Amino acid sequence: MSEKRYTLIGAGIMSATLGVLLKELDPEAHITIYERLDEVGAESSDAWNNAGTGHSAFCELNYTPQREDGSVDISKALKISQSFEVSKQMWAYLQKTGKVKTDSPFINDIDHMSFVWGKENISFLKKRYEAMTKYGMFEDMEYTEDFDVIADWVPLMMKGRDSSEEIAATRMMIGTDVNFGSITKAMIKYLRTCDNVKVFLGHEVEDITRKDEGWQVDVKDLNEDVEKTGEADFVFVGAGGGALILLEKSDIPEGRGYGGFPVSGQFLICNNPEVVVQHEAKVYGKAAHGSPPMSVPHLDTRMLNGVRSLLFGPYAAFSTKFLKNGSFMDLPLSLEVHNIWPMLSAGIQNIDLTKYLIEQVFQSPEDRFEALQKYYPNAKMEDWELITAGQRVQIIKKDKEEGGVLKFGTEIVSSEDNTIAALLGASPGASTSVSIMLDVLKRCFPERLASDDWQKKLKEMIPSFGQSLIDNRELCLQTRDYTTGVLKLEES
Ligand SMILES: Cc1cc2nc3c(=O)[nH]c(=O)nc-3n(C[C@H](O)[C@H](O)[C@H](O)COP(=O)(O)OP(=O)(O)OC[C@H]3O[C@@H](n4cnc5c(N)ncnc54)[C@H](O)[C@@H]3O)c2cc1C
């Protein structure tokens with residue numbers, strides 16, 4: 001019988017997912033979750049702080065870069081799509097077993113479309129479509145260059161547009177919009193009903209120190225202004241933007257050489273209900289030259305707590321905070337001898353990005369509106385309002401040749417003895433949370449993961465666990481049918 005003590009820092013979707021996986025696999029485990037805010041899932045995982053796209057690579061053109069020879073590389077898209085199917089399977093298990101309950105559906109089906117204009121982009125989209133539809137995962141993708149067909153799919157985007165304009169679009173009707181905040185809250189609510197799980201809100205982890213056995217976690221109860229100490233055999237730093245600072249505090253050698261560059265997201269939200277009902281899709285375009293991958297513009301139907309809304313963005317903004325509810329000192333305080341050079345060299349090598357961010361920061365409301373009009377020509381400025389979403393901290397990593405490189409993905413950093421793991425970066429994010437947390441288990445608990453007990457339980461939760469959905473068309477379609485049914489995606 002195991003009585004391992006796990007401490008999870010942060011109550012976002014990553015810690016919530018890891019907590020549930022651990023509790024299902026190791027029912028005797030003692031799990032402690034510390035969250036600095038008074039609410040669960042209120043930073044990046046909150047519905048209004050992210051775009052809510054169930055990233056399945058159906059529409060995100062940045063997941064399928066064009067190679068120098070003109071062909072399209074879909075390897076990243078296949079991986080992300082598979083990861084999202086894995087997330088849906090775990091959510092279906094939690095829903096089916098009644099372990100997570102939400103008042104309104106946390107996942108809704110919504111068409112995912114890519115929309116481009118200009119010869120070069122049309123040729124890219126067609127090649128992308130041809131490469132992707134060879135796989136079961138994407139075989140339902142539709143492609144058209146016909147103005148009227150696109151007008152049928154997304155009328156709002158075609159009204160007021162010159163019908164002689166060269167355009168093309170793809171559509172996947174099984175895309176989704178996800179309220180990641182809602183599923184996070186539901187998972188933590190479930191954990192609170194389990195034996196030996198404690199969730200402390202308003203508790204900020206201030207330090208993590210290695211002990212002879214395990215770790216000491218120093219925490220401040222922010223409401224009572226009291227310092228506390230906890231002990232753990234394993235620590236997961238799931239603190240989102242706050243993870244880098246905590247990783248530095250743990251002082252593990254593997255954490256040296258990492259820096260973070262914060263970019264916050266803003267969206268225009270439509271407050272005219274007559275416009276909102278005219279659009280029903282997530283339509284992703286092509287990112288501007290030099291822009292970071294997460295800045296791909298999209299006109300997005302959102303379904304939040306049963307209410308439909310329409311968003312356009314994201315626009316990038318700069319802040320030195322690592323968390324939306326963080327401190328302006330986060331970036332300066334994260335600078336240490338080990339990461340100054342990687343940060344400087346990454347800055348020098350990414351002049352395009354720096355230029356892009358400066359342009360974004362100084363754009364006027366009219367500039368933002370102009371970007372919207374490329375997708376919705378008849379938009380009226382008075383219908384739209386600018387809102388600030390969450391904060392992403394892009395990873396900067398020490399590199400032998402380049403000095404430092406800017407990374408747009410996520411990275412798990414763990415100690416040599418695998419008793420502590422931190423998640424850095426934020427993309428593709430919440431959609432792939434289950435696969436990322438399975439990677440944490442694989443890295444930190446390899447023997448237990450290989451045991452018959454854990455393998456059996458994982459297959460119950462995730463029917464495709466251990467098998468590829470990329471190469472196995474039948475399994476992909478079968479598990480997709482299963483999750484569509486349980487999550488009621490055809491009815492939403
Ligand atoms: C603008 C934007 C758009 C996005 N769009 C999408 C999308 O469409 N689809 C998608 O899949 N993903 C998207 N993402 C990414 C996604 O939101 C994140 O990957 C995901 O929410 C990260 O979850 P997390 O649990 O790691 O972090 P968070 O949700 O940020 O949770 C971390 C928690 O740790 C807490 N914390 C921090 N420091 C401490 C401390 N010292 N002590 C205690 N608690 C602490 C924080 O308060 C927070 O609650 C987007 C992100 C942004 C910013």
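**Ligand shell.** I started with the kinds of residue around the ligand: 19 are nonpolar, 18 polar and five charged. My classes: Ala, Val, Leu, Ile, Met, Phe, Trp, Tyr, Cys and Pro are nonpolar, Asp, Glu, Lys and Arg are charged, and the others, Gly among them, are polar.

This is a predicted model, where local features need pLDDT of at least 70 and side-chain atom pairs count only at pLDDT 80 or more, while totals for chains, interfaces and linings use all residues. Residues are numbered from 1 along each chain as its sequence is written.

I found 42 residues surrounding the ligand, and the closest are Gly10, Gly12, Gly240, Gly242 and Gly265. To be near, a residue needs its C-beta atom, placed from the backbone, within 6 Å of the molecule. The elements giving two or more residues to this shell are helix H1 (13–25) and strands S2 (30–35), S9 (203–210) and S17 (384–399). S17 gives the largest share, four residues. Helices (H or I, at least four residues) and strands (E, at least two) are DSSP runs, numbered from the N terminus.

**H1 against H6.** Next I followed H1 to helix H6 (residues 180–192): their axes come within 9 Å and cross at roughly 40°. Axes are lines fitted to C-alpha atoms, for helices over the stretch in contact, with angles from 0 to 180 degrees between N-to-C directions. On the H1 side the contact includes Ile13, Ala16 and Val20, and on the H6 side Phe180, Ile183 and Leu191 are among the residues. Contact here means C-beta atoms, placed from the backbone, within 7 Å. I noted nine nonpolar, three polar and one charged residues in this contact.

S9 pairs with strand S10 (residues 215–221) over seven bridges; I call strands paired if DSSP finds at least two bridges between them.

**Threonine 419.** Threonine 419 sits in the loop between strand S19 (411–414) and strand S20 (420–424). Not counting residues up to four places away in sequence, threonine 419 touches Gly214, Trp215, Asp233 and Phe234.

Definitions and conventions: Two residues are in contact if their C-beta atoms, placed from the backbone, lie within 7 Å.
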